[in-house]
Structures are given as C-alpha cells and as structure tokens.
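Hi,

Here is the structure I promised to pass on. Have a look at it first, and then read my notes below.

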Amino acid sequence: TPRVFSGIQPSGGLTLGNYLGAMKRFVEMQGSEFETIYCMVDLHAITVWQDPDKLRHATRELCAGFIASGLDPKQSVLFNQSQVPEHTQLAWIFNCVARMGWMQRMTQFKDKAGKNAQNASLGLFAYPALMAADILAYHATHVPVGEDQKQHLELTRDIAIKFNNDFGVEFFPITEPVIEGAATRVMSLRDGSKKMSKSDPSDMSRINLTDDAGAIAKKIRKAKTDPEPLPSEAKGLEERPEARNLVNIYAALSEQSVDDVMRDVGGQQFGTFKPMLADLAVDKLAPISTEMARLMQDTTEIDKILDDGAERARAIATPILQKTYEIVGMVGAK
Ligand code: AQP
C-alpha cells in the first residue's frame with residue numbers, strides 16, 4: 001500500500017496555517033487507500049532554541065491537536081520523533097549523501113538564519129537531511145505539506161536518487177509531495193506577503209487553534225485589507241494578497257472552490273465579509289480547541305498514545321535502517 005508520512009514541529013501553538021495546509025489534509029488521507037504515519041518533529045523544533053518545559057507541553061498539545069482534528073491513533077501511527085532513534089541514525093547517513101551546496105540553496109534556512117547565518121545552529125542547516133530521513137525511514141511514497149515545504153521535498157527526492165545511484169540500488173522511493181487545496185499557503189493577517197507562522201512575534205498575525213471565539217473574531221476584524229470591496233471573480237484577487245488570503249481561508253474552511261466563494265461574496269465590503277469569515281472560523285475551530293483542552297487535562301493518556309505510536313513506527317523503520325546500514329557497508333547490520 002502507498003504510505004503517507006508527514007510531520008509538524010512542536011515549536012509553539014498550532015496555527016490556522018498548519019491546520020489548513022497540513023492537519024486537515026492529514027485527516028483526509030486517513031482511511032483512504034493510504035497507510036498514514038504522522039509525527040511530532042521535536043528534533044526539528046530544537047534547531048532553534050526551545051525552552052524544555054515549553055517543548056514538552058507543545059509536543060503533547062500537538063498530539064492533542066492531531067487527535068482533536070480527527071486523526072485516530074488506531075488508524076494512523078501518531079508518534080514523537082525523538083522516541084524513534086532511527087530518524088537521527090538515518091539522518092547521519094543522509095548528511096553524508098547530501099551536498100553542502102544543496103543545503104545552501106534552501107530558502108527556509110536563509111529565512112530562519114537571517115542575516116547572521118554564521119550564528120545559526122548546524123542543525124538548522126542540516127534540517128532537510130533529517131526531514132528526508134523522517135520520510136524515507138518509512139519508505140513513504142506521499143507527503144502532504146504546505147507550499148513552503150516544496151523545496152525540502154525536492155531535496156528529499158534528490159537524496160533518495162543520489163543514495164540509490166551511489167550504491168547502485170533501487171532502495172529508497174522517490175517521494176511525491178501532495179500540495180493541494182485552497183489554502184496551501186495561508187498568509188499572515190498583518191502582512192499578505194509573509195506566511196502565517198507560529199513563531200511570528202505578532203500574535204495578531206495568526207489564528208491559533210487554541211484561540212477562543214473572541215480572539216478569532218478580533219484578529220479577523222483587524223486583519224489588514226485594502227479599501228475596495230471584494231471583486232466578483234477570483235481573477236480580481238490576483239493583485240490583492242490580503243483579500244485573496246481571506247477568501248482562500250474562507251474557501252478552505254467551507255470546503256468550496258474559490259470560484260464558488262466569489263459567486264457568493266463578490267461585491268461585498270470587508271465589513272460584511274469579515275464577520276462571516278469569523279463565524280465560519282469559530283464554527284470550524286471551536287470544537288477542535290475544546291477537544292484539545294479536554295485531552296490536555298490528562299497527559300498520561302497522550303503519553304501512552306505516543307509510546308504506542310513510537311513502537312509501531314519503529315517496527316517499520318528498524319528493518320529499513322538496518323537494510324540501509326547493510327547497503328552502506330556497516331558491520332553488524334541485520
Ligand atoms: N502558513 C501556512 N500555510 C499553509 N501551510 C502551512 N504550514 C505551516 N505554515 C503554513 C504547513 O504546516 C506543516 C508543519 O509546519 P512546521 O510546523 O513543521 O513548520 P513550518 O512550516 O516552519 O511552520 P511554522 O508555523 O512557520 O513554524 P515555525 O514558525 O516554527 O517555523 C508543514 O506541512 C507546513 O507546510
């Protein structure tokens with residue numbers, strides 16, 4: 001069976017971007033023709049400084065968010081990356097396959113390292129090799145992600161191809177990114193040219209899955225827009241990033257195409273559209289945040305789910321890592 005792998009960093013609270021670009025898609029792929037494996041990638045999160053207590057909390061809360069959004073820990077494998085050592089073991093092999101020049105081209109590294117790249121962690125630079133290991137440790141064939149991860153997935157393919165060529169094998173699959181839907185790139189509510197991100201210093205720039213109805217309504221009301229009413233066709237949104245973003249969010253949350261949404265809301269003022277969007281967002285997100293809060297009351301249950309998920313993940317990853325070691329020429333591989 002084709003196998004889906006994807007992950008989210010516990011580097012803060014979940015945003016509407018993570019939900020629409022990733023989690024909602026994860027849920028849609030569960031129970032289809034795919035075997036689904038989803039990971040809290042805590043080792044990725046620490047490529048930038050994380051407070052240890054906050055990291056523990058964010059990892060458990062992310063797991064709660066997965067379940068609250070509709071992932072079933074029996075149908076899907078849900079686990080925490082650091083509990084499966086095969087990820088880092090395979091990542092080392094890939095560090096030796098990937099080239100410095102490939103990594104230097106990664107726009108996420110450039111964005112996150114900023115001007116002072118010399119001061120970024122080595123882990124941040126090597127991030128895409130660990131990501132390739134996450135995916136290929138399961139021989140995953142499909143990876144649902146937001147638009148921002150496209151370049152990293154191309155690198156995963158390059159690593160698989162180079163490994164297979166270097167060792168004359170056809171061992172690692174060439175993974176397909178799955179980037180679909182109306183909201184593959186949800187933008188900041190304050191700046192239509194920046195993606196919505198959990199680490200943006202401004203909380204007003206994003207909707208968190210833990211925001212209450214009041215906060216969601218306020219953030220949407222204050223979202224940056226232009227003074228024009230909405231156009232009557234999707235084409236009219238091309239030069240209006242903030243308006244386009246709000247329409248895309250509306251389309252994704254209501255599971256309609258952008259064209260269908262435009263048919264209903266075209267010509268409206270933001271004074272009318274924004275409250276509609278806020279109501280819809282509260283409607284869709286409130287049940288998730290309520291369920292997350294309930295699950296977080298007793299984290300022993302979550303820890304058990306993660307222990308169990310790690311065991312199931314290792315059952316798949318261990319033989320793949322051992323076979324990799326054997327191909328590479330390591331004594332003792334079995
Ligand atoms: N704004 C977004 N629109 C659509 N998809 C998004 N994703 C993230 N932001 C958006 C998707 O969510 C998945 C998990 O992302 P991640 O947490 O591993 O890392 P990220 O992409 O770096 O997300 P953030 O929120 O911006 O985290 P920080 O601020 O810590 O870097 C991915 O599939 C991603 O595409």
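Helices (H or I, at least four residues) and strands (E, at least two) are DSSP runs, numbered from the N terminus. Keep in mind that this is a predicted model, where local features need pLDDT of at least 70, side-chain atom pairs count only at pLDDT 80 or more, and totals for chains, interfaces and linings use all residues. Residues are numbered from 1 along each chain as its sequence is written.

Let's start with α4 and α13. In α4, residues E86, Q89, L90 and I93 meet R314, A317, T318, L321, T324 and V328 of α13. By class, that contact has five nonpolar, three polar and two charged residues (Ala, Val, Leu, Ile, Met, Phe, Trp, Tyr, Cys and Pro count as nonpolar, Asp, Glu, Lys and Arg as charged, and the others, Gly among them, as polar). The axes of α4 (residues 86-97) and α13 (residues 299-328) come within 10 Å and cross at roughly 25 degrees. That makes α4 roughly parallel to α13. Axes here are lines fitted to C-alpha atoms, for helices over the stretch in contact, with angles running from 0 to 180 degrees between N-to-C directions. Angles under 35 degrees count as roughly parallel, over 145 as roughly antiparallel, 65 to 115 as roughly perpendicular and the rest as oblique. The crossing of α4 and α13 is left-handed, meaning that the near helix is turned anticlockwise from the far one by less than a right angle (clockwise would be right-handed).

Next up are α10 (residues 241-254) and α12 (residues 270-296), whose axes come within 10 Å and cross at roughly 40 degrees. So α10 and α12 are oblique to each other, and their crossing is left-handed. On the α10 side you'll find L246, I249, Y250, L253 and S254, which meet L277, L280, A281 and K284 in α12. Seven nonpolar, one polar and one charged residues make up this contact.

I249 is worth a click. I249 counts as buried because 26 C-beta neighbours lie inside 10 Å (buried takes 20 or more other C-beta atoms within 10 Å, exposed 12 or fewer, and partly exposed is in between). Beyond its neighbours within four places in sequence, I249 is in contact with L16, A183, V186 and L277.

F109, in helix α6 (residues 107-113), is buried too, with 20 other C-beta atoms within 10 Å. Leaving out residues up to four places away in sequence, F109 touches M103, L124, F125 and Y127.

Now the backbone. Most residues other than glycine have a negative phi. H139, though not a glycine, has a positive phi of about 50 degrees. You'll find H139 in the loop between α7 (122-136) and β4 (142-144), and with 17 C-beta neighbours inside 10 Å, it counts as partly exposed. E255 isn't a glycine either and has a positive phi of about 55 degrees. E255 sits in the loop between α10 and α11 (258-265), and counts as exposed, with 11 C-beta neighbours inside 10 Å.

Cheers

Definitions and conventions. Two residues are in contact if their C-beta atoms, placed from the backbone, lie within 7 Å.
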